[in-house]
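Here's a protein to pick apart in questions and answers. Have a look at it first, then read on.

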Amino acid sequence: MSTETPLFSDLHLPEPVLKALVELGYETPSPIQAQCIPLLLDGKDVLGMAQTGTGKTAAFALPLLANIDLKLNKPQVLVLAPTRELAIQVAEAFQAYSRHLPNFHVLPIYGGQNYGLQFKSLKRGPQVVVGTPGRIMDHLSRGTLDLSGLRAMVLDEADEMLRMGFIEDVETIMAETPEERQTALFSATMPDQIKRITKRYMRQPTEIKIKAKTSTVENIEQKAWIVRGANKLDALTRMLETEEFDGVIIFARTKTATVELAEKLEARGYRSSALNGDMNQALRERTVSRLKSGSLDILVATDVAARGLDVERISLVVNYDIPTDTESYVHRIGRTGRAGRQGKAILFVAPRERRLLKAIERATRQPITMMDLPTRSEVTQKRIESFQTEVQKVLEAEKLEFYLELVGQLTNELEISQEDMTAALLYMAQKDKPFQLPEEPVRERFSDRDGRRERGDRAERGDRAPRERGDRRKPEGPLDTYRIEVGREHGVQVKNIVGAIANEGNMNSRFIGDIVLHNDYSTVQLPQNMPADLLKHFQKVYICQQQIRMQKVDEAGTYKPRRRSPKKRDHRKG
Ligand code: AMP
């Protein structure tokens with residue numbers, strides 16, 4: 001991190017917003033925030049080339065909140081997001097930052113949610129609306145969303161909206177907003193169609209790109225783990241159990257997170273402590289000395305608190321939360337590999353943060369190797385090995401005559417073998433920390449809230465956008481085929497179907513199988529045993545102005561058409 005990093009208090013944000021940031025444990029603005037906030041506060045248009053994980057949500061939410069008229073109960077800010085997950089996440093961020101702003105309301109609006117509820121909430125006049133394009137279009141055409149008082153508009157993850165087939169909807173919505181509104185657009189990449197939007201709808205936007213300085217970190221072995229299938233804390237403890245380490249420093253994003261994580265690790269038997277900017281200098285120094293002397297093994301720190309930390313013992317750095325920029329990554333991992341030693345760094349990356357991972361690799365000019373979570377049996381093996389070591393130590397160091405006699409006596413009295421006796425004692429000895437980890441939970445196929453992330457992953461791997469049959473990966477598990485009443489002649493593309501089904505069904509797109517487009521209908525494969533209420537919902541969904549009236553095709557490949565003339569609508573949902 002550079003020394004010119006401003007403080008949130010330097011950025012002219014309103015007092016109640018600053019108070020919320022302190023409570024949330026944010027220490028300093030991330031680079032994208034430091035650059036965006038002054039511009040947006042000033043009413044300028046901004047074009048942010050930023051990935052998830054850089055803190056882009058706060059970069060637009062904080063200044064836009066500052067400019068809201070709380071006395072006016074009308075939408076003043078509209079954020080468009082590609083998926084319901086992101087819409088909810090952004091709305092939650094607004095909620096968190098506005099907790100000390102009286103009379104402030106934010107409303108997420110997304111496909112799949114009950115209309116009645118949305119009508120009612122819209123009537124209350126939220127100042128900020130965060131929505132997926134299809135649903136926002138829907139409300140605009142019904143006249144239930146009034147954008148006449150709109151002052152600012154944000155397009156979040158614009159390239160993702162393009163990929164999901166929403167870009168025409170986005171343009172239509174933009175065309176319906178007051179011309180003098182302020183616009184911020186965030187996108188990790190700038191394909192031509194997005195550039196065109198910026199030209200047509202933005203007023204001399206300032207482009208913000210966080211430049212990555214390249215730096216090398218040669219004596220540090222770097223690994224990354226994609227966060228999936230286990231929660232981060234469980235994953236971390238598995239790694240700590242199987243990795244050889246001396247001292248460890250774990251980086252978390254907020255002060256609050258450092259304290260929580262240090263406490264949780266302590267509860268799991270690790271000698272750990274937080275290190276953050278809320279601690280005074282003396283306490284921080286004392287904590288670092290304890291790590292040096294070995295009375296502590298793990299420090300959980302924020303970037304600011306760990307600046308310049310130089311402890312030879314640190315052999316492992318864990319980026320529990322991905323850093324917001326590449327410079328702070330290089331700084332963080334530089335806490336290990338001191339004094340010519342070898343160091344190791346592990347980075348936790350949420351699927352949506354993969355682009356940030358790529359940016360880090362480019363900046364360090366070094367590949368980061370993907371790692372798998374240690375398996376249950378590896379953890380078991382480690383636990384058994386360390387138990388063996390303990391047993392050996394005891395046999396070497398302790399006088400055991402009394403116990404040897406006791407073994408003889410107990411096995412005699414209980415009339416059991418020495419093996420039975422040993423097994424029972426082993427069970428008792430490891431009861432609090434069994435050798436075997438509990439079974440992993442099975443993931444649900446329906447109502448997985450991770451939908452878009454998988455699609456993002458595929459795009460980042462450089463695969464083609466899904467188009468026709470066979471382009472998409474086949475999902476695991478048995479599938480049923482469904483017919484939907486929208487086909488080529490309606491202008492539908494596979495991406496429209498994927499986008500609508502993932503959003504409307506709150507489904508992970510990796511559970512969507514082959515999609516075949518015919519002239520006036522299409523078929524789509526979805527996991528077996530779809531809940532009846534979900535199928536009912538899908539029947540009402542519109543894609544490309546067609547109500548899709550989803551119907552299962554039976555094993556013989558036939559279906560019973562429901563004779564109803566298709567209702568015309570002027571758009572589809574998102
Ligand atoms: P985003 O890139 O907007 O998805 O943000 C990623 C995460 O960073 C979110 O969990 C935010 O709450 C968190 N965050 C954003 N800005 C800061 C900051 N300045 N300090 C600490 N955490 C932050």
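Q: How many bridges pair strand 9 and strand 12?
A: This is a predicted model, so local features need pLDDT of at least 70, side-chain atom pairs count only at pLDDT 80 or more, and totals for chains, interfaces and linings use all residues. Residues are numbered from 1 along each chain as its sequence is written, and side-chain values use heavy atoms, with hydrogens and water left out. Strands are DSSP runs of E with at least two residues, helices are runs of H or I with at least four, both numbered from the N terminus, and two strands pair if DSSP finds at least two bridges between them. Strand 9 and strand 12 run parallel, and their bridges number five.

Q: Which residue of strand 12 is the bridge partner of Phe-251?
A: Strand 12 covers residues 314–319. The bridge partner of Phe-251 there is Asn-319.

Q: Which strands stand at the edges of the seven-stranded sheet?
A: The sheet is open, its pairing is parallel, and its order reads 10-11-9-12-13-8-14. An edge strand has a single partner strand, so one side of it is left without a neighbour in the sheet; that goes for strand 10 and strand 14 (369–370).

Q: Which strand pairs with strand 13 over seven bridges?
A: Strand 12 is joined to strand 13 by four bridges, in parallel. The seven bridges, also in the parallel sense, come from strand 8 (residues 220–226).

Q: Which residues stand opposite Lys-344 of strand 13?
A: One of them sits at Glu-221. The other is Leu-316.

Q: How many residues of strand 13 are buried?
A: Buried means under 20% relative accessible area, exposed over 50%, and partly exposed in between (1.4 Å probe, protein chains only). In a regular strand the side chains alternate between the two faces of the sheet. Here Gly-343, Ala-345, Leu-347 and Val-349 point one way, Lys-344, Ile-346 and Phe-348 the other, and all are buried. Strand 13 is therefore largely enclosed by the rest of the structure, with a buried count of seven of seven.

Q: Which residue forms a salt bridge with Glu-243?
A: A salt bridge needs a side-chain nitrogen of Lys or Arg within 4 Å of a carboxyl oxygen of Asp or Glu. Glu-243 sits in the loop between helix 10 and strand 9 (247–251), and its partner is 101 residues away in strand 13. Both residues are buried. With the closest N and O atoms 2.7 Å apart, the partner is Lys-344.

Q: How many residues apart in sequence are Asp-234 and Arg-268?
A: Their side chains meet in a salt bridge, 3.2 Å from N to O. Asp-234 lies in helix 10 (residues 232–242) and Arg-268 in the loop between helix 11 (255–267) and strand 10 (272–275), so the pair ties together parts whose separation is 34 residues.

Q: Is Asp-138 buried or exposed?
A: Asp-138 and Arg-142 both lie in helix 6 (residues 133–142), four residues apart, about one turn. Their side chains meet in a salt bridge of 3.7 Å, N to O. Arg-142 counts as partly exposed because its relative accessibility is 40%. At 1%, Asp-138 counts as buried.

Q: How many residues of helix 3 are buried?
A: Among those that are buried you'll find Lys-56, Phe-60 and Leu-62. Their cover includes helix 1, helix 2, strand 2, helix 4, strand 5 and strand 6. Helix 3 is mostly covered, at 10 of 11 residues.

Q: How many residues does the largest nonpolar core have?
A: A nonpolar core is a set of buried Ala, Val, Leu, Ile, Met, Phe, Trp, Tyr and Cys residues joined through side-chain atoms within 4.5 Å. Those with the most contacts inside this one are Phe-60, Leu-62, Phe-94 and Val-130, and its residue count is 41.

Methods: Contact means heavy atoms within 4.5 Å.
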